[in-house]
Amino acid sequence: MGPITPTEFTPWLSLGGGILIGLSAVMVMALFGRIAGISGIARGALSVLLPSEGVSQDRGWRVAFVLGLLAAPLAMLLVGAPVEQTVSGNLFGMMIAGLLVGVGTAIGSGCTSGHGVCGLARLSPRSAVAVVTFMVAAAATVFILRHVLGGA
Amino acid sequence: MRSFLGFLSGLVFGLGLVISGMANPAKVLNFLDLAGAWDPSLAFVMAGAAGVTFIGYRLAWRQSAPVMSETFDVPTSTTLDRPLIAGAAIFGIGWGIGGFCPGPALTALPLLAPGTLVFVPAMLFGLWFGAYAKSLPILSPKGAN
C-alpha cells in the first residue's frame with residue numbers, strides 16, 4: 001500500500017529493542033501475574049470508556065501501561081534520539097487495516113505480543129499456531145499488495 | 001504504586017518497540033516482504049523478546065505470587081479452535097496492509113501521522129466489536145464456558 005520505503009538492516013538495535021520488550025513482558029508477569037498482550041491490555045484500558053464482554057475489572061495498571069506506551073516516543077524525542085517512522089498515507093487502507101487488526105486480535109485472543117512474545121516463551125501450542133497463521137497471512141497480504149497488484 | 005509500575009512497564013515496552021524498529025510500519029512491511037526488499041531485522045526483535053521472556057518467566061514463576069497481585073493468571077486453554085485460527089488470519093491480513101500491530105500503533109500515536117490517527121480508532125472499535133462478535137454462537141468454540 002503506497003510507495004515502498006527502503007529500510008536498513010539493524011540487527012543490534014532490533015535485538016536490543018527486543019530485549020527491552022522481553023524485560024517489560026517479564027515485569028508484567030512478575031508484578032501483575034499477567035501476559036503482556038497489548039491487544040488484551042488495550043481492550044482492558046478501553047473498557048473504562050466502552051463496556052465490553054469478558055474484560056477483567058483490574059483496569060488501573062492497564063490504563064497506566066498504555067500511557068507508558070504513549071510516552072515512549074516522546075521520551076526518545078526529549079533526549080534527542082531519532083524516531084524513524086514511515087506510515088502509509090492511504091487513509092482508507094489504514095482504516096481497513098486498523099479494523100482487521102482490532103477484530104482479528106479480539107477474536108484470536110492475542111497479537112504479536114500476547115501470542116508472539118509471551119505465548120512462544122510459555123511454549124503454548126495455541127500461540128505457536130496463531131503466530132504461524134498471522135505471519136503467513138501477513139506475508140501473503142504483502143506479497144499480493146506489492147507483487148501481484150502493485151507490480152513492484 | 002500499581003499505576004507507576006504499570007506505566008513503567010508500558011514505557012519500557014514502548015521504548016523497545018521504537019528502538020527495535022517495530023514501531024516503523026515501513027520496516028515491518030519490508031520484513032514481511034520476503035520476495036522484495038526483505039529486511040530481516042524483526043526476526044532479531046522476536047528472538048530477543050521471546051528469549052528474555054522465556055528465561056524471565058521461569059524466574060518470576062519461582063515466586064509464590066506476583067508482587068502486585070494474588071495469583072499468576074496465565075491462559076490454560078490448549079484447544080486449537082476456529083476463533084483462534086480465523087482471528088489470527090484476520091489480524092495477519094490487517095498487519096500486512098498497514099504494517100501496524102496493536103502495540104506499535106498505540107506507541108506511534110503521539111507522533112501524529114495521519115495514517116496512525118485513522119488506524120488506532122479503527123483498531124479500538126475493532127477490538128470492542130471483535131469481543132462482541134466472539135460472544136456470538138457462530139464463533140463460540142463448542143463446549144467452551
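Predicted model: local features only at pLDDT ≥ 70, side-chain atom pairs only at ≥ 80, totals over all residues.
## Crossing of two helices

The crossing of H1(A) and H3(B) is right-handed, a term used when the near helix is turned clockwise from the far one by less than a right angle.

## Residues in contact

Contact means heavy atoms within 4.5 Å. On the side of H1(A), the residues that meet H3(B) include Pro11(A), Leu15(A), Gly18(A), Gly22(A) and Met29(A). Among their partners in H3(B) are Phe44(B), Val45(B), Gly48(B), Val52(B) and Tyr57(B).

By class, the contact of H1(A) with H3(B) has 15 nonpolar, seven polar and no charged residues. Here Ala, Val, Leu, Ile, Met, Phe, Trp, Tyr, Cys and Pro count as nonpolar, Asp, Glu, Lys and Arg as charged, and the others, Gly among them, as polar.

## Chain B as a whole

Chain B contains six helices and zero strands; helices are DSSP runs (H or I) of at least four residues, and strands are runs (E) of at least two. The C-alpha trace of chain B spans about 45 × 40 × 30 Å along its principal axes.

Of the 145 residues of chain B, 51% count as buried, meaning under 20% relative accessible area with a 1.4 Å probe, protein chains only.

## Basis of the values

Residues are numbered from 1 along each chain as its sequence is written, and chains are lettered from A and ligands numbered from 1 in the order in which they are written. Local features need pLDDT of at least 70, side-chain atom pairs count only at pLDDT 80 or more, and totals for chains, interfaces and linings use all residues, while side-chain values use heavy atoms, with hydrogens and water left out.

Definitions and conventions. Buried < 20%, exposed > 50% of the residue type's maximum accessible area, 1.4 Å probe, protein only.
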